[in-house]
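Trainee: I would like to go through this model term by term. Please set each value against its cut-off.

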Amino acid sequence: MASCNCALQNICAEVCNAISQLLLSGELRALQPTFQIYGKRPMFSGPMVTLKVFEDNILVHEFLEEKGNGRVLIVDGAGSLRCAILGGNPIVQAQNNGWAGIVVNGCIMDVDEINGCDIGVIGVRALASHPMKVNKKGIGEKHVPITIVRTKIYDGEWLYADTDGILISRMELSI
């Protein structure tokens, strides 16, 4: 076998050979390349915690106050580009609480802070940045199936992100 062009770097040959079969079976799904990379950690992975909100971040803050234990928070903000769901302070808190990464189907703010030296061990993906804050109503749903860019995602599945994109797997992959 020549070289593996899979979206996961440093993955063993057996998994690279199996990826096409996993993609065909739906065990592995690639998110469409709509997310921007923020922060200094472009590669991250972990079991996902799902959250569905719309232009509200109270539940996002509640999750990030918990111990992350290497998990990835994936927030379905319905793709809204009208305000930022997340900023620098909660991301610092997420880093301090052991979250591996955050993916936001929506906007973030405080990009300079997120990309700065102080935030280096957590990966962040979002659609874009936006200067406006959200409404704080505390409305949303935790641990529910979400759909992001036509990809169904379930709480507890695994997310793998690198500079080539984001993969969602029903099971932990041997890396």
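Trainee: What makes the side chains of Arg170 and Glu157 a salt bridge?

Mentor: A salt bridge needs a side-chain nitrogen of Lys or Arg within 4 Å of a carboxyl oxygen of Asp or Glu. Arg170 and Glu157 meet at 3.9 Å, N to O. That is within 4 Å, so the pair counts. Note that this is a predicted model: local features need pLDDT of at least 70, side-chain atom pairs count only at pLDDT 80 or more, and totals for chains, interfaces and linings use all residues. Residues are numbered from 1 along each chain as its sequence is written, and side-chain values use heavy atoms, with hydrogens and water left out.

Trainee: Why is the pair said to tie together parts of the chain?

Mentor: Arg170 lies in the segment after β12 (165–169), and Glu157 in the loop between β10 (151–153) and β11 (158–162), so the linked parts are 13 residues apart in sequence. Strands here are DSSP runs of E, at least two residues; helices are runs of H or I, at least four; both are numbered from the N terminus.

Trainee: Are Glu157 and Arg170 buried or partly exposed, and how do you know?

Mentor: Buried means under 20% relative accessible area, exposed over 50%, partly exposed in between (1.4 Å probe, protein chains only). Glu157 is at 5%, so it is buried. Arg170 is at 43%, so it is partly exposed. Glu157 and Arg170 also belong to a network of salt bridges with Glu27 and Arg29.

Trainee: How many salt bridges are there in the whole structure?

Mentor: The search finds six. One of them joins Glu55 and Arg82 at 2.6 Å, N to O. Glu55 is in the loop between β3 (44–53) and α2 (58–65); Arg82 is in the loop between β4 (72–76) and β5 (84–86), 27 residues apart.

Trainee: Why is Glu55 called buried and Arg82 exposed?

Mentor: Glu55 has a relative accessible area of 10%, so it falls under the 20% limit. Arg82 has 54%, so it is over 50%.

Trainee: What makes Glu62 and Lys142 a salt bridge?

Mentor: Their side chains meet at 3.2 Å, N to O. Glu62 lies in helix α2 and Lys142 in strand β8 (residues 140–142), so this bridge joins parts 80 residues apart in sequence. Glu62 is at 33% relative accessibility, so it is partly exposed. Lys142, at 35%, is partly exposed.

Trainee: What does the charged end of Lys142 sit over?

Mentor: The ring of Phe63, 5.3 Å from its centre. The term requires NZ of Lys or CZ of Arg within 6 Å of the ring centre and within 35 degrees of the ring normal.

Trainee: Why are the buried residues of α2 said to line one face?

Mentor: Leu59, Val60, Phe63 and Leu64 are buried in α2. Seen down the axis, the buried residues fall within an arc of 135°, so they line one face of the helix. The arc is taken from the directions from the helix axis to the C-beta atoms. Their cover includes β3, β4, β5, α3 (88–96), β6 (101–108) and β8. 

Trainee: Why is the pair of Trp158 and Tyr160 called stacked?

Mentor: Rings of Phe, Tyr and Trp (its six-membered ring) pair if their centres lie within 6.5 Å; planes under 30 degrees apart count as stacked, over 60 as edge-to-face and the rest as tilted. Trp158 and Tyr160 are 6.2 Å centre to centre, with 20° between the planes, so they are a stacked pair. Both residues are buried. The whole structure has one aromatic pair.

Definitions and conventions. Contact = heavy atoms within 4.5 Å.
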